[in-house]
Amino acid sequence: MGGGVTDEEPPDARDGEAADAVDWRREFAEEARSERPDLARLCLLIGAVADPTVTRHDLDRAEIELDRLAGLVPYATRVTGDWTGELAALLGHHEGFVGVPADYQRLESSLLHEVLRRRRGLPILLSVVWMEVARRAGAPVYGLGLPGHFVVGFGDPADLHLADPFAGGRAMTGADAELLVTSATGEALDRSMLRPAEPGAIVLRVLNNIRAWAAPRPERSDVALWAVELSLLLPSHPARLRYERAELLVQRGEFLTGAAEMEAYARVMEAVDPESATRIRRRAQAARARLN
């Protein structure tokens with residue numbers, strides 16, 4: 001089965017990537033609902049939805065880069081257990097993965113293939129890089145979604161052997177984690193915040209960050225819309241995202257579709273919050289009126 005494209009081949013065989021492009025969301029949904037979702041693949045599929053120029057080759061190249069980085073982790077680390085030190089030296093110092101405040105203003109900071117290319121990203125994306133490299137190298141690694149900041153941990157979560165990839169891999173103690181939480185929320189650290197994050201929760205947080213980036217940029221409502229729609233494909237997501245999608249549709253001029261989705265959400269809300277359901281129906285009515 002080799003050789004180049006011939007005249008006898010059907011048109012879609014000459015345009016495989018164009019055919020593949022329409023399937024990114026389906027692939028995302030299938031991966032998200034699989035028995036063991038692949039975190040790197042889900043994050044790369046977000047990038048494919050975000051950037052229409054991304055090809056399957058680009059996603060493969062990103063996976064290869066993660067494999068390459070994992071291959072640079074000294075094998076002896078499995079014995080010494082100094083994952084924080086070795087990964088900080090490799091990823092933070094040698095490879096230059098680190099965050100700066102300006103990263104929060106860039107959509108690329110939430111797209112894994114761009115983070116691998118730029119060596120810059122939000123804390124959660126840099127943590128994904130660390131987690132995926134460490135996992136491939138054999139480390140007992142997990143992600144920790146603290147309020148306002150995402151970090152990684154190694155070994156038994158109760159021991160709190162943490163590192164901050166955004167700071168180049170700075171080692172963190174339990175006291176450091178508590179300070180982070182207090183700074184972000186004004187409240188003390190709750191032990192429930194120290195549970196390792198599941199892939200679905202990590203991906204939802206990535207998409208939440210993308211929605212937050214798009215929120216003050218009404219001209220990028222397209223980004224907010226696809227981020228909400230991908231969130232809705234996850235097995236577990238806030239029900240209110242359905243209403244947010246409806247509002248975005250109205251904002252983008254799809255008044256009838258948005259109004260219909262608002263009314264559907266109002267029916268769901270009726271049993272638990274009749275007052276909110278009434279407000280949502282009024283919003284739907286106002287959306288329909290904009291067609292006149």
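Glu 65 is found in helix 4, residues 56-71, where helices (H or I, at least four residues) and strands (E, at least two) are DSSP runs numbered from the N terminus. The model is predicted, so that local features need pLDDT of at least 70 and side-chain atom pairs count only at pLDDT 80 or more, whereas totals for chains, interfaces and linings use all residues. Residues are numbered from 1 along each chain as its sequence is written, and side-chain values use heavy atoms, with hydrogens and water left out.

Glu 65 has a relative accessible area of 16% and is therefore buried (under 20% relative accessible area, with exposed over 50% and partly exposed in between; 1.4 Å probe, protein chains only). Its side chain makes a polar contact of 2.8 Å with the side chain of Arg 119; such a contact is a pair of N or O atoms within 3.5 Å, and within protein one must be able to donate a hydrogen and the other to accept it, residues adjacent in sequence counting only if both atoms are side-chain atoms. Apart from neighbours within four places in sequence, Glu 65 is in contact (heavy atoms within 4.5 Å) with Leu 116 and Arg 119.

Thr 77 lies in helix 5, residues 77-80. Thr 77 counts as buried because its relative accessibility is 1%. A polar atom of the Thr 77 side chain lies 2.8 Å from the backbone oxygen of Pro 74. When residues up to four places away in sequence are not counted, Thr 77 touches Asp 82, Trp 83 and Glu 86.

Trp 83 also takes part in the contact between helix 6 and helix 8, which is made by Trp 83, Thr 84, Leu 87, Ala 88 and Leu 91 of helix 6 and by Trp 130, Val 133, Ala 134 and Ala 137 of helix 8. The axes of helix 6 (residues 83-94) and helix 8 come within 11 Å and cross at roughly 120°.

Helix 8 (123-137) is also among the elements covering the buried residues of helix 10, which include helix 2 (24-32), helix 3 (39-50), strand 2 (149-154), helix 11 (221-233) and helix 12 (241-251). The buried residues of helix 10 are Ile 202, Val 203, Leu 204, Val 206, Leu 207, Ile 210, Arg 211, Trp 213 and Ala 214.

Overall, the protein chain contains 14 helices and 4 strands, and 45% of its 292 residues count as buried.

How values were computed:
Axes are lines fitted to C-alpha atoms, for helices over the stretch in contact, and angles run from 0 to 180 degrees between N-to-C directions.
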